[in-house]
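Subject: Structure handover

Hi,

Here is the structure we talked about. Please load it first, then read my notes below.

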Amino acid sequence: MIFGRRRSRNPLVLALARHALLVAILVVILYPLLWMVGASFRPSNEAFGTLSVLPGNFTTENYVEGWSLGNLNFSRFFLNSLVITLLAVVGNVVACSMAAYAFARLAFPFKKTMFGLMLGTMLLPYHVTLVPQYVLFNELAWINTILPLVVPKFLATDAFFIFLMVQFIRTLPQELDDAARMDGCGHVGIFRRIVLPLSIPALGTTALFTFIATWNDFLGPLLYLVRPETWTVAQGLNGFLDATGESAYGPLFAMATLSLAPIVGFFLVAQRLLIEGIATSGLK
Amino acid sequence: MFTRSLSAGALALGLLATGCAGGTSIGANPNEGATGTGEVAGNVRMAWWGSGPRNEVTNAVIDLFKAAHPGTTVEGESADFQAYFERLNVQASSGNMPCVTQMQGRQLNDYTTKNVLLDLQPMIDAGTIDVSAVPAEVLDTGRGLDGKLYMIPYGAAYDAMTVNRTLAEQAGVGLPPEGYDWNAFADWVTRAQPGLPEGIPAVNLGGSLPNNFISYAAGRGESLFADRQLGFSEDLLVEFWDMWERLRAAGVTTTAEATAEEPNQTEQRYVAQGRVLVDNLPGNALTPAQKTLDGTRPGQQLVTLPQPTGPAGPGNVLFTSGFSIPTTCDNIPTAAAFVDFWMNDDAAAKAFLSANGAVTNTRHLQQQLDDPDLPALKHAELDLYQRIVSQKPVSVVYPPGYHASFEGAFVRAYESVAFGGTSTRDAARAFMTEVNAALATT
């Protein structure tokens with residue numbers, strides 16, 4: 001006599017069940033995004049009229065209207081964002097990797113203290129440093145330039161990425177450094193020829209997260225890029241909203257949809273590196 | 001619904017206090033008593049909030065000004081309302097406010113009490129800025145706690161009961177009677193509910209909406225603030241919340257949960273979506289709200305009414321936007337000339353077309369109302385404003401910290417009633433204690 005129901009061990013059934021569950025989760029996660037994409041093809045005043053992802057009255061007018069925001073073309077915002085983001089990525093990768101190498105491999109006085117201070121900067125809310133930074137950049141006459149958004153990236157100011165790369169570099173065998181040193185390499189050579197090539201996963205992670213954070217950043221550009229011709233994509237999207245007047249949701253959704261393309265593209269390119277970086281940096 | 005406003009307000013206070021307390025370039029007023037006279041030339045920065053449509057009309061006025069004053073340039077700085085003040089607070093703390101800074105009455109004294117704005121009366125006295133066409137009650141909304149004029153109000157918004165006329169007629173109740181008070185309003189929504197479609201409440205729950213209470217207090221002749229403290233009685237607030245609790249209990253309002261979740265953008269408000277019969281909306285929101293309703297509920301029509309009256313008179317209070325000139329401005333003559341141009345130039349007023357509340361210059365207002373090409377909805381907005389101003393609405397001077405302390409606490413206090421079961425008496429007492437303590441420290 002058998003008590004209870006026998007659990008299916010058919011591999012096909014189990015696989016189908018797992019995939020069904022994953023698809024269900026995917027639908028839930030992607031629904032807001034799909035709804036936005038659908039809304040971007042609905043007339044602006046019908047944007048909130050349905051929960052369906054299908055556009056009832058299909059139109060591409062939102063993309064046409066959104067691309068032309070006042071006297072400016074949204075391509076200008078994309079170009080601005082792209083320039084800033086790429087420079088930020090380069091700056092962060094170069095500067096943070098060098099800082100991380102120093103903390104991970106060099107011996108110098110007060111290293112631990114300085115490492116602690118560096119980590120401590122992660123505890124400071126952005127808003128605490130907001131005004132002093134603005135005063136500094138204003139005195140430097142950098143307002144309305146991209147310098148406040150780019151130059152700090154070349155000065156290793158993002159403690160999170162320094163920490164990430166320190167952790168990664170520490171996993172690299174010290175023996176490799178020793179071998180390189182025996183072959184005549186100094187720190188520059190060790191960094192350039194040994195550590196850097198082996199840190200590609202961490203560099204990729206840094207690049208990806210920097211790209212996403214910079215591309216989506218709104219407060220920084222809001223403060224420093226005041227003239228419309230300097231606006232980033234995030235500012236351009238904000239330009240469709242007006243809590244005190246009329247908002248243009250159709251064009252907003254259309255341009256927001258397009259704004260995701262660079263992030264998705266960059267992620268697809270860097271995702272393998274991202275996975276390796278997360279796996280080996282202790283972020284899991 | 002007010003979370004973003006609360007966070008923005010709190011951020012504003014924190015940043016401003018931090019920046020000013022830290023001893024930035026804001027200090028003694030180098031331009032105190034400035035009359036604004038001098039050569040109108042060079043560059044000024046101008047800041048305003050808004051989106052694409054408003055940016056276009058603002059830039060149109062800028063172009064007119066530059067044409068009228070060759071040799072001048074104006075750099076525009078715009079952002080959405082919340083983003084605008086986030087940036088402005090940093091600029092103020094850093095001594096870098098634009099020479100022509102758009103301001104609103106409810107935030108004005110966050111700045112005036114920090115010595116960052118000029119008293120504009122000397123410019124008026126010198127004839128640099130002409131405000132003779134602006135009603136006194138409207139002009140007074142630009143005053144600080146010290147009575148000085150820190151903002152020239154150019155656009156006046158007001159609250160309006162926005163009614164879905166179509167639903168009201170279907171319910172068989174029509175519109176509330178002329179000069180209706182809150183009792184008549186409550187009776188009207190109660191009578192309307194049975195005739196409304198299933199799932200459509202008569203009124204958006206308004207107990208957590210500060211503007212409803214501001215209107216309620218005005219109609220009863222009680223001051224909102226006095227000597228930087230709350231100026232109304234605890235009993236008044238209890239009475240107000242009891243009214244809304246009775247309506248909620250009667251099942252004629254949205255649920256507290258639904259109200260709390262309602263976005264604050266006009267196009268997403270329930271009345272604009274056809275999901276409620278009536279709600280308090282800014283009067284100048286009629287056009288975008290109707291436009292949205294045309295998409296979601298074709299054929300339904302919105303109409304705006306004055307706020308309910310009270311024993312002391314009308315319940316409407318104006319919420320004005322205008323221009324201020326910071327103490328750090330390095331080109332006051334051009335800034336003053338720009339403000340004067342904006343306020344008085346006919347072509348400029350026509351170009352802007354009351355895009356941020358009704359134009360406060362009465363001559364321009366009449367010109368716009370007389371224009372046969374004025375869109376019907378805009379005409380309705382301006383006509384209602386003209387009726388409200390003719391009744392000489394009370395002017396409210398908001399103390400510094402109003403936005404962060406009053407509005408945030410008001411929402412929390414009522415939600416403690418609606419969600420937490422707190423009595424209205426206890427909630428009112430806690431609210432007044434909290435707000436008075438906060439105001440005392442700003």
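Helix 3 (residues 74-105) of chain A packs against helix 7 (residues 159-170) of chain A at an angle of about 50°, with the axes 8 Å apart. That angle makes helix 3 of chain A oblique to helix 7 of chain A. Under 35 degrees would be roughly parallel, over 145 roughly antiparallel, 65 to 115 roughly perpendicular, and the rest is oblique. The crossing of helix 3 of chain A over helix 7 of chain A is right-handed. Right-handed means the near helix is turned clockwise from the far one by less than a right angle, left-handed anticlockwise. Axes are lines fitted to C-alpha atoms, for helices over the stretch in contact, and angles run from 0 to 180 degrees between N-to-C directions.

On the helix 3 side of chain A, the contact residues include A:Asn92, A:Val93, A:Cys96, A:Tyr101, A:Phe103 and A:Arg105. Helix 7 of chain A supplies A:Phe161, A:Ile162, A:Met165, A:Val166, A:Ile169 and A:Arg170. Contact means heavy atoms within 4.5 Å. By class, this contact of helix 3 with helix 7 of chain A has 12 nonpolar, 2 polar and 2 charged residues. Ala, Val, Leu, Ile, Met, Phe, Trp, Tyr, Cys and Pro count as nonpolar, Asp, Glu, Lys and Arg as charged, and the others, Gly among them, as polar.

Two ground rules. The model is predicted: local features need pLDDT of at least 70 and side-chain atom pairs pLDDT 80 or more, while totals for chains, interfaces and linings use all residues. Residues are numbered from 1 along each chain as its sequence is written, chains are lettered from A and ligands numbered from 1 in the order written, and side-chain values use heavy atoms, without hydrogens and water.

Helix 7 of chain A also meets helix 10 (residues 200-216) of chain A. Their axes come within 9 Å and cross at roughly 165°. That makes helix 7 of chain A roughly antiparallel to helix 10 of chain A. This crossing is right-handed. From helix 7 of chain A come A:Phe161, A:Leu164, A:Met165 and A:Phe168. Their partners in helix 10 of chain A include A:Pro201, A:Leu203, A:Thr206 and A:Phe209. The contact divides into 8 nonpolar, 3 polar and no charged residues.

Now the whole chains. Chain A has 13 helices and 2 strands. Helices (H or I, at least four residues) and strands (E, at least two) are DSSP runs, numbered from the N terminus. A compact globule of 284 residues would have a radius of gyration near 19 Å, but chain A has 24 Å. The radius is taken over C-alpha atoms, and the globule rule is 2.2 Å times the number of residues to the power 0.38. Buried residues make up 42% of chain A. Buried means under 20% relative accessible area, exposed over 50%, partly exposed in between (1.4 Å probe, protein chains only).

Chain B has 18 helices and 10 strands. For its 442 residues the globule value is near 22 Å, and chain B agrees at 22 Å. In chain B, 61% of residues count as buried.

In helix 9 (residues 210-219) of chain B, 10 of its 10 residues are buried. B:Gly221 follows helix 9 of chain B, with a positive phi near 70°. B:Ala160 lies in strand 4 (residues 152-164) of chain B. B:Ala160 counts as buried, at 0% relative accessibility. Among the residues B:Ala160 touches are B:Asp279, B:Leu281, B:Thr304 and B:Leu384.

Best wishes

Terms used. Lists of a residue's contacts leave out its neighbours within four places in sequence.
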